Amino acid sequence: MSASLAYIFAGVEMCKFTQSSARFYYNNPKRPNVDPAGASHVRTVDLRSDTVTKPGPAMRQAMALAEVGDDVMGEDPTVNELQEMAAEMFGMEAALFVPSGTMGNLIAVMVHCRERGDEVIVGDLSHLHVYEQGGSAQLAGVHSRTLTNLPDGTFDLDQLVSKIRHGYPDPHFPRTRLICLENTHNIQGGRVLPLAFLKEVRSVADEHGLPVHMDGARLMNAAVHLGVSPATILQHTHTVSVCMSKGLGAPIGSILAGPQDFISRAVRCRKALGGGMRQAGIIAAAGKLALTEMVDRMEEDHRNVKTFAQALLDCEPSLFTLDLAAVETNILRFHLGDPGLSQSDFCERMAQVGEEEEASLGQGVQVLMYPHVGGSVRAVWHLGISQEDTQMAIRKLQLVAKQLQQSRVK
């Protein structure tokens with residue numbers, strides 16, 4: 001084995017989470033009710049997810065002026081332009097505009113695994129496996145075989161090899177047809193898969209005649225972090241699904257890209273799933289602007305995350321633990337060092353606006369975060385969060401820490 005059992009078990013222990021904690025960040029999709037307690041103005045810093053972004057004036061104008069046609073008939077010029085632009089950017093032969101990343105991943109599984117009872121190998125903490133309602137099984141009839149995701153989002157390559165089924169058409173077992181990756185890795189805190197790891201996975205896949213699909217919902221964050229083009233990352237995969245509606249700021253839509261024959265089959269699957277849209281150029285125009293104008297600015301998100309992470313470590317009293325080296329992109333996971341303070345209690349305190357807040361901070365500040373897996377708290381930066389917002393969130397954090405210290409003294 002290239003990795004010791006101890007290392008694998010350590011990864012398992014770091015990744016364990018209960019069903020209730022796994023559901024946390026989708027349990028409370030609405031903003032909590034807040035009593036401003038007399039504060040004349042409340043500033044909201046929404047760190048729940050990068051899905052809360054809203055299109056700005058330039059994007060709205062592009063949407064309003066978009067030239068449109070019937071996309072199911074292949075006649076929407078703006079959709080066609082977006083697909084061509086994305087295919088070139090990703091180094092793929094062709095691309096398809098779909099309503100969501102979940103649909104993009106499901107279509108990829110359906111195309112790669114053409115028979116019911118086929119099998120996909122996927123990380124046990126991957127979004128595709130945890131948060132997409134088991135669509136691969138429910139809708140495609142495809143069985144999932146899981147690998148142990150390590151803290152950096154990777155998995156052990158020897159374990160991957162051991163999971164590949166052989167001997168088809170032995171009637172006892174499903175047939176391995178696909179390997180799936182997630183980059184950046186959501187549950188593991190926005191971790192970026194190393195290029196060397198991707199190269200090794202592709203080598204294993206090629207040796208066994210298997211395609212590799214990447215759930216690249218936040219692929220552009222990974223590219224910015226590594227300082228490389230998306231195509232450099234995707235040279236090690238066969239297909240990819242990339243979200244426009246997260247850090248890129250579009251209101252809807254994802255791109256599924258791969259070989260031309262793959263996309264031809266994907267068009268049929270999209271139609272069967274209800275994803276065939278008509279004058280979709282209105283939303284594709286937002287995707288075009290997202291790919292051309294919104295990628296480089298992600299560096300600001302990554303800087304703001306690191307600023308907040310350092311503030312957590314510098315906080316007095318010391319209440320928080322995290323690995324600063326693991327903070328790579330726009331997602332931050334941290335733990336509470338006070339056993340008497342739950343994730344939910346902390347998030348509620350950060351979201352509440354107390355009586356002394358306006359005097360201390362100059363205004364009410366509501367910071368929205370989610371309790372997350374493994375006893376952690378998750379915060380996500382995006383284009384709606386400025387450097388000033390980040391500093392206000394830090395000041396709120398320091399105020400909450402001070403209040404917690406005072407309550408313990410009493």
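Colleague: How many bridges join strand E3 to E4?
Modeller: Five bridges join E3, residues 118–123, to E4, and the two run parallel; strands here are DSSP runs of E of at least two residues, numbered from the N terminus, and two of them pair if DSSP finds at least two bridges between them. This is a predicted model, in which local features need pLDDT of at least 70 and side-chain atom pairs count only at pLDDT 80 or more, while totals for chains, interfaces and linings use all residues. Residues are numbered from 1 along each chain as its sequence is written, and side-chain values use heavy atoms, with hydrogens and water left out.

Colleague: Which residue in E4 is the bridge partner of valine 122?
Modeller: That partner is threonine 146.

Colleague: And what is the order of the strands in the open sheet?
Modeller: Seven strands form it in the order E2-E8-E7-E6-E5-E3-E4, with mixed pairing. Strand E2 (94–98) and strand E4 (143–147) stand at the edges with a single partner strand each, so one side of each is left without a neighbour in the sheet.

Colleague: Switching topic, how many disulfides are there?
Modeller: The count comes to zero, taking a disulfide as a pair of cysteine sulfur atoms within 2.5 Å. For cysteine 113, the nearest cysteine sulfur is that of cysteine 180, 7.5 Å away.

Colleague: Is cysteine 113 buried or exposed?
Modeller: Cysteine 113 is buried, with a relative accessible area of 3%, where buried means under 20%, exposed over 50% and partly exposed in between, using a 1.4 Å probe and protein chains only. Cysteine 347 is also buried, at 7%.

Note on methods: Helix = DSSP H or I, 4+ residues; strand = E, 2+ residues; numbered from the N terminus.
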